[in-house]
Amino acid sequence: MNMTLAETAGKLLRAQNVVLTAHVNPDGDAIGSSLGLMHLLRGLGKEAAVLLDDDVPKAFSILPGYEAIQRPEGERSADLLVILDTAPDRIGGVAKCVQADACINIDHHRTNAAEGDTYLAPDRAATAEIVYELASEMKAAFTKDSALCIYTGLATDTGFFRYSNTTARVMRAAAHLMDCGAEPHIVSEALEQKPYQMICDTAEALQHIERFADGRAAGIFLDHETTERMESTEGFIDFVRVIEGVDVAVLLKAKEEKLCRVSMRSKGTDVSAIAASFDGGGHMRAAGCTLKMGFDEAKKRIMAAIADRLEGES
Ligand code: 5GP
Ligand code: MN
């Protein structure tokens, strides 16, 4: 059942011992909204912990509470498990590790089809925006710590207030969080730092850009050998996204011999529908999926699906 914001806040307020989690391969919104809600709940005198079943990128160590993030190990009990920024199927081993009396799912992904107690708000730019709204609903005061974490979620999911999900409401929330002590330059400076090797890898990846569908789509396709060699592919897709005439941008990387990860971005086409046709999901303009097949086949399939979708629209 989709709860109201007030019902969601009520569930949080009634719990004393809360475990928060988010999706594997955590991004700024997953990390920022988990830590932000953790600080808010602690401020209300509750026990709150963040469990993530993945490495948390070091760049986020500027966030207060980063060092307190734990991996799911052994068993632990809680009054309430809160799943943020994803449906419950992408939290790795957390579900198994946490014996909770109740569970709620708070998310802004339009493809989230979770059942149970949910608060799904696809019109919100970030899960952090929902956490921001929950704060006033719970009458929890922002501190410098919670403000910086929630600000980070807003900033990263809106491409630092540039994407089409940037609303006046998001800007007002960000301004309020600055009033509460969040300093934007701390986040942007930490996140724009890149190791030298990553710049070299980017230069290599740019050699692999291919345009297709009459130039309305373009992608970077990295075979297994290349993917293995690269430390990170973060940001590669942004180079493709900005090519003139390109509506759909894609990054495909062969993580294993028979497993490819796909990220897509678009200026108009609904890429979440393309991702969903491969059992993935996401948003209209940013989505992803996993193809359990070899590089050549995956590349062919994803290019065909994108070209078909673009054809259907023209
Ligand atoms: P990214 O390309 O940055 O990994 O993901 C873009 C968006 O699509 C994110 O909002 C992310 O949560 C979503 N997404 C990426 N991969 C998957 C997937 O395999 N399944 C689902 N449901 N969503 C995904
Ligand atoms: Mn998000």
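A residue is near a molecule or strand if one of its heavy atoms lies within 4 Å of it. This is a predicted model, where local features need pLDDT of at least 70 and side-chain atom pairs count only at pLDDT 80 or more, while totals for chains, interfaces and linings use all residues. Residues are numbered from 1 along each chain as its sequence is written, chains are lettered from A and ligands numbered from 1 in the order in which they are written, and side-chain values use heavy atoms, leaving out hydrogens and water.

**Stop one: the ligand**

Select ligand 1 and show what surrounds it. There are 13 residues around ligand 1, and H109, R261, S263, R265 and H283 come nearest.

R261 puts a polar side-chain atom 2.9 Å from a nitrogen atom of ligand 1. R265 has one 2.8 Å from an oxygen atom of the ligand, and for H283 the distance to a ligand oxygen is 3.2 Å. How much of ligand 1 does the protein bury? Taken alone, the ligand exposes 490 Å², and 77% of that is buried by the protein (Shrake-Rupley areas with a 1.4 Å probe; for residues, only the protein chains shown count as cover).

Colour by secondary structure next: helices (H or I, at least four residues) and strands (E, at least two) are DSSP runs, numbered from the N terminus. The elements giving two or more residues to the shell around ligand 1 are β9 (259-266), β10 (281-282) and β11 (286-291). β11 gives the most, with 4 residues.

**Stop two: K299**

K299 and E210 meet in a salt bridge, 2.8 Å from N to O (a side-chain nitrogen of Lys or Arg within 4 Å of a carboxyl oxygen of Asp or Glu). This pair links distant parts of the chain, with K299 in helix α12 (residues 295-313) and E210 in strand β6 (residues 209-212), 89 residues apart. K299 counts as buried at 19% relative accessibility, whereas E210 is partly exposed at 31% (buried is under 20% relative accessible area, exposed over 50%, partly exposed in between; 1.4 Å probe, protein chains only).

The charged end of K299 also sits over the ring of F221, 5.2 Å from its centre (NZ of Lys or CZ of Arg within 6 Å of the ring centre and within 35 degrees of the ring normal).

Then pick E183 and K144, joined at 3.8 Å, N to O. E183 lies in the loop between α6 and α7 (184-192) and K144 in helix α5, so the pair ties together parts 39 residues apart in sequence.

**Stop four: the aromatic pairs**

The whole structure has 3 aromatic pairs (Phe, Tyr or Trp rings, Trp by its six-membered ring, with centres within 6.5 Å; planes under 30 degrees apart are stacked, over 60 edge-to-face, the rest tilted). Y132 and F142 are stacked, at 5.3 Å centre to centre and 10 degrees between the planes. Y132 is in helix α4 (residues 127-138) and F142 in the loop between α4 and α5 (144-157), so this pair ties together parts 10 residues apart in sequence.

Finish on Y151 and F161: the ring centres are 5.7 Å apart and the planes at 50 degrees, so the pair is tilted. Both Y151 and F161 are buried.

Definitions and conventions. Polar contact = N/O pair within 3.5 Å; in protein donor to acceptor, adjacent residues only side chain to side chain.
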